[in-house]
Amino acid sequence: MGNRSGVLELAVLGLLHEAPMHGYELRKRVNAQFGWGRVLSFGSLYPCLKAMLRNGLISADAGTPDAGRRQKIVYTITADGKDHFASAMHDAGPSAWEDDTFGVRFSFFGRTDPATRLRILEGRRARMEERLANFRAAMSRTAERVDAYTLELQRHGLESAEREVRWLNELIDGERRQQRPPDQQQPPATPPN
């Protein structure tokens, strides 16, 4: 699942789980919901849709043509597609917390069981803590040899990783609180004034 086409397949299946859509609508939703760095092109989407059709994960129906326009093909997730999506969402291996995959997986956490969510969040946190250590090591080695802009870029990377680790810690704490039996739950700490 670590490759971009596997991530796109998961995103499409997740969106079609909500409702049938035509290609243009799918492209808009993928770009809006997952905020990929570059805009998803039809040249990436349609080959993915064709492969998913061949594999029986989705079906395609020609809709009614708009006045003077081509018919829009409406894609729907199949039972095999739902099973494939559920299986993919249960996978909590390293590909689930990589940069290319994590955002898509996270956006469908509502359809993921609590134990899998926790494993993915903990894996992502470990990955980000590793990245944090690498940023710190690189900055200490190169601080005197790089120009101010490179140093600022390194600092930006460090701050972004620190912010994500804090966010992940909050999410993990929340997941753990939800998994405790009600008699063992502690009230959340109140923030100081």
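Arg-155 is partly exposed at 30% relative accessibility, a class between buried (under 20% relative accessible area) and exposed (over 50%), with a 1.4 Å probe and protein chains only. Helices are DSSP runs (H or I, at least four residues), numbered from the N terminus.

## Basis of the values

The model is predicted: local features need pLDDT of at least 70, and side-chain atom pairs count only at pLDDT 80 or more, while totals for chains, interfaces and linings use all residues. Residues are numbered from 1 along each chain as its sequence is written, and side-chain values use heavy atoms, with hydrogens and water left out.

## Asp-99 and its partners

Asp-99 forms a salt bridge with Arg-124, with the closest N and O atoms 2.7 Å apart. This pair links distant parts of the chain, Asp-99 being in helix 5 (residues 99-107) and Arg-124 in helix 6 (residues 114-142), 25 residues apart. Asp-99 is partly exposed at 42% relative accessibility, whereas Arg-124 is buried at 5%.

Arg-131 also forms a salt bridge with Asp-99, at 2.8 Å between the closest N and O atoms. Arg-131 in helix 6 and Asp-99 in helix 5 are 32 residues apart. Arg-131 is partly exposed, with a relative accessible area of 25%.

Terms used:
A salt bridge is a side-chain nitrogen of Lys or Arg within 4 Å of a carboxyl oxygen of Asp or Glu. Helices (H or I, at least four residues) and strands (E, at least two) are DSSP runs, numbered from the N terminus.
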